[in-house]
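User: I would like to go through some of the labels used for this structure and see what each one rests on. Please set the values against the cut-offs.

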Amino acid sequence: MTRSALATFALLLAVASPAPAALVTTNLIQHLDADTNVAATGSNVTSWAPVGGTGDTVTTNSGSPQLNTAALNGRNTITLADDRMIGTDNALFDLGAGDFTWYLVARPADNGAGNNRFFGTLENAGSFRGLMGSVTAGEVLTADVRVGAGTVSATDASASLSEWHVWTAIRSGATLDLYRDGLLVGSNAGAGGTLASDALTIGAERTGGAEFVDGDIAALLVYDTQLTPAQFNDTGFFLADRFGIASSFTAPVPEPSTALLLGIGLVGLAVRRRRSNRRWTTGRDWWTSRLKIEAQRGRDAGRESNQHVEDSRVYQTVAQRLSVRTTALLAVIIALLLLVGQAPHWQSSNIMR
């Protein structure tokens, strides 16, 4: 990869902002956040309105809930100590036999005996059929539904009081599951049935002065459905990240931006082109070298062939010269032999005369 391609890729990574943790808003019927829409006289909370108008506004009915500025990860919280805040929408939590999911960001204190509720829709113990988030004595926390005259609870028996947590309760069919910071801590399979409607109450039962909660609350979200695993995780992570609470929720995987995808594609093309050019250059050099070798071999073979021709001509010339000389020598020898053969006959003829 070229330096320019690396620089481009690094720039794209720097400017491509990953998607923040997302809060699921589908089927969200109540959303309270102590960092938003809290009206107070001094530090005494008088009302608490929902975020973005999603849900019901609760107003102080008794006691004096306290607003704590920037108390949790730079965000506001509300302290409850024998305080009650009540809404007015009696139809909001008409969940019937349907599923639900709620999130509560809170820090409970030791409450002594009794079911001391951070929130619920309880009218009275005999007639209530609703949704509750409870804190009981002995560091045992429960998520409850009351069907008929009975209460069905999913219990967190090991939570540490005076610590901030993100609790989540999910009813799916007849099963009620309770999670602390993303981990399942309690379950009850007998939580089916029809839930009647009533207005939201924060800090205690709607009536009956004994069951107030002591602790702090930062946020409450209620969905009129069972969230999917991904939605459960994303919303939990949003809350844990917002309020700085350690949890088992995981950061959502951001979808790459268009610019980042385009940049990666361009870098990939640049790398591919460079590799292609490198392959072509390598192949071209190989063929050039090979052709040079073959040409040299051809020239060497040509020289050898020319040398053979030249040697053949020399041999032929020598042979021709030898042949002429041999022929002449043979003629001389033959002539001498003829002369020698005629000499006695000539001498004998002279003698006879």
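Analyst: At a relative accessibility of 9%, Asp181 counts as buried. This is a predicted model, in which local features need pLDDT of at least 70 and side-chain atom pairs count only at pLDDT 80 or more, while totals for chains, interfaces and linings use all residues. Residues are numbered from 1 along each chain as its sequence is written, and side-chain values use heavy atoms, with hydrogens and water left out.

User: Why is Asp181 called buried?

Analyst: Buried means under 20% relative accessible area, exposed over 50%, and partly exposed in between, with a 1.4 Å probe and protein chains only. Asp181 has 9%, so it counts as buried.

User: And what makes Asp82 partly exposed?

Analyst: The relative accessible area of Asp82 is 49%, so the label is partly exposed. Asp82 is in the loop between β6 (75-81) and β7 (84-86); strands here are DSSP E runs of at least two residues and helices H or I runs of at least four, numbered from the N terminus. Asp82 has a positive phi of about 60 degrees, although it is not a glycine.

User: How do you know that Asp181 has no salt bridge?

Analyst: A salt bridge needs a side-chain nitrogen of Lys or Arg within 4 Å of a carboxyl oxygen of Asp or Glu. Lys and Arg count as positive, Asp and Glu as negative, and His and the chain ends are not counted. For Asp181, the nearest side chain of opposite charge is Arg180, 5.2 Å away, and there is no salt bridge.

User: What joins the side chains of Asp181 and His165?

Analyst: A polar contact of 2.7 Å joins them. The term covers a pair of N or O atoms within 3.5 Å; within protein, one must be able to donate a hydrogen and the other to accept it, and residues adjacent in sequence count only if both atoms are side-chain atoms.

User: Where is Asp181 found?

Analyst: Asp181 is in the loop between β14 (175-180) and β15 (183-188). In this hairpin, with two residues between the strands, Asp181 takes a positive phi near 55 degrees.

User: How do you know that β14 and β15 pair?

Analyst: Two strands pair if DSSP finds at least two bridges between them. Five bridges join β14 to β15, and the strands run antiparallel. Leu176 has Asn188 in β15 as its bridge partner.

User: Why is β14 called largely enclosed?

Analyst: Five of the six residues of β14 are buried, so the rest of the structure largely encloses this strand.
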